[in-house]
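Here is a short briefing to read beside the model. It starts with a single backbone feature and then moves through the chain by topic.

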Amino acid sequence: MSMIRVFLLDDHEVVRRGLRELLESAGDIEVVGESGLAAEATARIPALRPDVAILDGRLPDGSGIDVCREVRSVDPTINALILTSYDDDDALFAAILAGAAGYVLKQITGHDLLDTVRRVAAGQQLIDPALTARVLERVRSGEPTTPELADLTDREREILGLIAEGLTNRQIGERLFLAEKTVKNYVSSLLAKLGLERRTQAAVLAAKLLK
């Protein structure tokens, strides 16, 4: 039986220690790294390539959602689980856009957390698919009253939504039946119109537009 490799991000050492003990007591889960800071985790997670990254919602230097977005832009095969104390709709929407596989509150029982980690490691999406579709449709279509999206074409809005899903240019091309070079040109155009330099900035903007 292959072990499930997990990375822990939480700014409280006691919480990380408790999570490590819980996870490793299961017998099929191995904690391969941990951190208390977003910046450190963003650098370490892609290098360690865990099956699941359990990310605290709020951190001294950022959020687990930011880390999720950055990590998945580098390696979309890494599954992220946002573990937070806050039941916040805006944060949930942002987690969906960042490509998180799950969003759970810290009140979750140990048994349910283990089950969630196993399901996320297996590639399951635990956020309600209907909610995900609704959120992404809002980003793709844009709202007439949203000035940031006013200059984008319909195709550029659609691609912005796919960037927010964490797709690469190649994956976007496959989804929309476009050449990768064509997608790259669309991305360059929409970034220029939005006054941005990087894809991750576009994903951040998409999340903000939901608030």
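Which residue just after α7 takes a positive phi? G166 does, with a phi of about 95°. This is a predicted model: local features need pLDDT of at least 70, side-chain atom pairs count only at pLDDT 80 or more, and totals for chains, interfaces and linings use all residues. Residues are numbered from 1 along each chain as its sequence is written, and side-chain values use heavy atoms, with hydrogens and water left out.

**Overall make-up**
- The chain has ten helices and seven strands. Helices (H or I, at least four residues) and strands (E, at least two) are DSSP runs, numbered from the N terminus.
- Of its 211 residues, 47% count as buried. Buried means under 20% relative accessible area, with a 1.4 Å probe and protein chains only.
- Among contacts between residues at least 6 apart in sequence, 65% join residues at least 24 apart. Contact means heavy atoms within 4.5 Å.

**Helix α7**
- Helix α7 spans residues 154-164 and is mostly covered. Eight of its eleven residues are buried.
- The buried residues include E156 and R157. Also buried are I159, L160, G161, L162, I163 and A164.

**Helices α1 and α5**
- Helix α1 (residues 13-24) packs against helix α5 (residues 110-121) at an angle of about 70°, with the axes 10 Å apart. Axes are lines fitted to C-alpha atoms over the stretch in contact, and angles run from 0 to 180 degrees between N-to-C directions.
- That angle makes α1 roughly perpendicular to α5, a term that covers 65 to 115 degrees.
- From α1, L19, L22 and L23 meet G110, L113, L114 and V117 of α5.
- The residues of this contact divide into six nonpolar, one polar and no charged. Gly counts as polar here, while Leu and Val count as nonpolar.

**Nonpolar cores**
- The largest nonpolar core has 24 residues. Such a core is a set of buried Ala, Val, Leu, Ile, Met, Phe, Trp, Tyr and Cys residues joined through side-chain atoms within 4.5 Å.
- I45, L55, V67 and I82 have the most contacts inside this core.
- Elements giving two or more residues to this core include β1 (4-9), α2 (38-48) and β3 (52-56). Helix α4 gives the most, with six residues.
- Beyond its neighbours within four places in sequence, L55 is in contact with residues including L9, I45, V67 and I82.
- A second, separate core of 17 residues includes V6, L8, L23 and I54.

Note on methods. Buried < 20%, exposed > 50% of the residue type's maximum accessible area, 1.4 Å probe, protein only. Parallel < 35°, antiparallel > 145°, perpendicular 65-115°, else oblique.
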